Amino acid sequence: MIQRTTIAFFGRTNAGKSFLVNSLAAQNVSIVSAVKGTTTDPVKKTMELLPLGPVTLIDTPGLDDQSELGEERMKKTQEVLESAQIAVLVCDASIKEPFGEYEKKLAEQFTKKNIPYVVAMNKCDMAKESPEVLKYMLNTKAIPLSAKTGANIHALKEKIAALWRCIKPRPLMSDLVRPGSTVVLVIPIDSGAPKDRIILPQQMVIRDLLECDAMPLCCTPNTLRELCAQWSKLQEVSVPVPALVITDSQVFHKVNKMIPQEIPLTSFSILMARYKGTLFESVAGIKKLDALKDGDKILVSEGCTHHRQCEDIGTVKIPALIKQYSGKNVQFDFTSGNTFPHDLKSHALVIHCGGCMLNEKEMENRILRCTEQCVPATNYGLVLAHINGILARSLAPLKMDC
């Protein structure tokens, strides 16, 4: 799966958001109409957009939608804010007050959520050089354009690209290994593994290791046992032992017993938490496992939706292990995909997956929501490492203490 930059378009109804998305994409992504409220739900389009590369464009309903379904549409638009990595605030230059209260509130939300944004002053071909428009554009460096005529669409692309270049991605593997290093990846192939493919975090780590000129060596837990038996022989012929072992969290306890203590060990889930920018909060949140009480509710959340297996990690294995570890009668709620509660106060702890199907901004906002409501949050890999008594070992390769 390609990691795409999410670019979302916000503004009032009939500001020309859909027309602008179509112009930027050079194809009909959204339905365009003079009727207000034509865009009823967020419309997504994945594509290649030069000079950015792979992107997801999202056209949202207008935030001033006064229809019967307006409130629901506004909720959908607010949800898009959680995942937007770059925002385009579309203003209507043909009206008297193109940058009013709606636009100001949106700009404030972008700033609060640390979302880079650009103001697109659309319909400039219809504007009559309004003093308000000219003054606003002079003060904010908004881009005057026309989605209808195509004027300044290229300038908008360049501005979005400039914002994108300012977003510095976190390292996945590049700061952990040296060129030529061997990294062992332990990948179980069982009933929970998707047929004919490996899951996204494993793909991402393999690709990043190759870009680092490191050498990924993939194996199952069974073949890892044979590999461990041969390491002493490999050292005799000057073949170095692995610089790092990365395992699926579900087999943490098995792998930990097989791997000598001098070889660094961590998991894909923990690496994903670091990559998504949520590791610090997740390590702090793990302490709640030792302070659970009877009746506490725990929310287990996954960023993707998939067919549940009888031994599903999120809904079966982790709840059973937590009950056994804590000895408490705790309750569990479960969410998946785009569903994540706004009100978390009834929960004593949130346990999230690695978030490979969510972008960094969405994961950050989910954990921020927990923090703002004083609810500890952690992730699958850290829970399994803590329960198996290997948390310190799993964090050591990342130069973190538990």
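I began with Lys-276 in this predicted model, and I noted that Lys-276 is buried and yet has no salt bridge. I looked for the nearest side chain of opposite charge and found Glu-360, which lies 4.7 Å away.

I then asked what the side chain of Lys-276 does reach, and found the backbone oxygen of Leu-358 at 2.5 Å. Leaving aside neighbours within four places in sequence, I listed the contacts of Lys-276, among them Gln-3, Arg-170, Gly-354, Cys-356, Leu-358, Glu-360 and Glu-364.

Next I looked up where Lys-276 sits, and I found this residue in helix α9, which covers residues 268-276.

I turned to the sheet and wrote down an open arrangement of 4 strands in the order β8-β7-β9-β10, paired in parallel. Strands β8 (215-219) and β10 (265-267) stand at the edges with a single partner strand each, so one side of each is left without a neighbour in the sheet. From one strand to the next, I noted a twist that averages 25 degrees.

Looking at one pairing in detail, I saw that β7 (residues 182-186) and β8 are joined in the parallel sense over 5 bridges, and that Val-186 has Cys-219 in β8 as its bridge partner.

Finally I came back to α9, which packs on the sheet and touches β7, β9 (244-247) and β10. I recorded that the direction of α9 makes about 70 degrees with that of β10.

Conventions: Residues numbered from 1 in each chain as written. Predicted model: local features only at pLDDT ≥ 70, side-chain atom pairs only at ≥ 80, totals over all residues. Heavy atoms only, no water. Helix = DSSP H or I, 4+ residues; strand = E, 2+ residues; numbered from the N terminus. Buried < 20%, exposed > 50% of the residue type's maximum accessible area, 1.4 Å probe, protein only. Lys, Arg positive; Asp, Glu negative; His and termini not counted. Salt bridge = Lys/Arg side-chain N within 4 Å of Asp/Glu carboxyl O. Polar contact = N/O pair within 3.5 Å; in protein donor to acceptor, adjacent residues only side chain to side chain. Contact = heavy atoms within 4.5 Å. Pairing = 2+ DSSP bridges. Axes fitted to C-alpha atoms, helices over the stretch in contact; angles between N-to-C directions.
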